[in-house]
Amino acid sequence: MANLKEVRNRIVSVNSTQQITKAMKMVAAAKLRRAQDAITQMRPYAQKLSEMLGTVSAGAESATDSPYKQARPVQNVLMILVTSDRGLCGAFNTNVAKAAVARINEQYADQARRGTVQVMAIGKKGAEAMARRGYKVNTKHVNTFGNLSFSTVREAAEEAMDQFVKGQYDVVEVVYNEFRNVATQIIRVEQMLPIVSTPAPAGVTANVNYTFEPGEEEIVTELIPKTLKIQLYKAVLESNASEHGARMTAMDKATENAGELLKELKLIYNRTRQAAITKEILEIVGGAEALASS
């Protein structure tokens, strides 16, 4: 009977866990719809802004002289790591941290040995993962997802941009999860600074004539910083949608696993209960036979 009580307690525990994972899946689904709408609306704007910048800056001397396009020998590196504040979303955060470490080992191994690689964490899990690996971590922006908006992300972007212009960092890269669908998130590693001009595809020429008002230099000077901020904001929105998709998938799988475990436990419970009843019957029959023979 002690075994029966233990199995019964486990059934209650697993059943409670299953109810929690179901609730978390529903919450993640609701948040995912809002996050997916936000990134779907942002993508065309960010893409068009980047195209416009590329077209305008191709023939603009002011764009070439921009401090955000100045390439220098890479001595100091800033990796902006976009993760989540909470766990229970599968390998979502682990994959970003692994990708960042792989990028550092592959491209910036010498800088890492000299201790000139720093991480700016957007999301608590990334900060914790990189700190455990011994990297210097800027934790000013770990609570960005607590009040996610363009203004909060802009602060992180402006800090990275200012530090690049001042020469504190020679290259700035962003590592994040790009949202494809509920079950698929793709790790992206993108260079934010210095800006790298993307050449037009072979055989394609840009035949767009712009009329600048108030002037070409003013427009380009305003457009480059705005594009950089939008680039980081888009990465954060991609990560936000990816997080909820990953959590929804993880909680759905956890709910299924809990259901399978409940089936096994109930089968064990019924078998143990049947064995206990059979044992009691045998003891009663044996006692009756002993009385009858006496």
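1. Pro-194 lies in the loop between strand 5 and helix 7, where helices (H or I, at least four residues) and strands (E, at least two) are DSSP runs numbered from the N terminus. The peptide bond that joins Leu-193 to Pro-194 is cis, with an omega of about -5°. This is a predicted model, in which local features need pLDDT of at least 70 and side-chain atom pairs count only at pLDDT 80 or more, whereas totals for chains, interfaces and linings use all residues. Residues are numbered from 1 along each chain as its sequence is written, and side-chain values use heavy atoms, with hydrogens and water left out.

2. Leu-88 belongs to the loop between strand 1 and helix 3 (92-107). With a relative accessible area of 55%, Leu-88 is exposed; here exposed means over 50% relative accessible area, buried under 20% and partly exposed in between, with a 1.4 Å probe and protein chains only.

3. The five strands of the open sheet follow the order 3-2-1-4-5, with mixed pairing, two strands being counted as paired if DSSP finds at least two bridges between them. Strand 3 (136-138) and strand 5 (184-193) stand at the edges with a single partner strand each, so one side of each has no neighbour in the sheet. On average, neighbouring strands of this sheet are turned by 25° against each other, direction ignored; the axes are lines fitted to C-alpha atoms, for helices over the stretch in contact, and angles run from 0 to 180 degrees between N-to-C directions.

4. Within this sheet, strand 1 (residues 77-82) pairs with strand 4 (residues 171-181) in the parallel sense over five bridges, and Ile-80 stands opposite Val-174 in strand 4. Helix 6 (residues 150-165) packs on the sheet and touches strand 1, strand 2 (117-122), strand 3, strand 4 and strand 5, while its direction makes about 40° with that of strand 5; contact is taken as heavy atoms within 4.5 Å.

5. Thr-21 is part of helix 1 (residues 2-58) and counts as buried because its relative accessibility is 8%. Leaving aside residues up to four places away in sequence, Thr-21 touches Met-251, Ala-254 and Thr-255.

6. The whole structure holds 14 salt bridges, each defined as a side-chain nitrogen of Lys or Arg within 4 Å of a carboxyl oxygen of Asp or Glu. One of them joins Arg-72 to Asp-170, with the closest N and O atoms 3.0 Å apart. This pair links distant parts of the chain, 98 residues apart, since Arg-72 is in the loop between helix 2 (61-64) and strand 1 and Asp-170 in the loop between helix 6 and strand 4. Arg-72 is partly exposed at 27% relative accessibility, whereas Asp-170 is buried at 8%.

7. Two further salt bridges lie within helices. Glu-51 and Lys-48, both in helix 1, are three residues apart, about one turn of the helix; their closest N and O atoms are 4.0 Å apart, and Glu-51 is partly exposed at 40% relative accessibility. In helix 7 (residues 216-293), Arg-247 and Glu-243 are four residues apart, again about one turn, with closest N and O atoms 2.9 Å apart, and both residues are buried. Elsewhere, salt bridges that share partners join Arg-43, Lys-234 and Glu-238 into one network.
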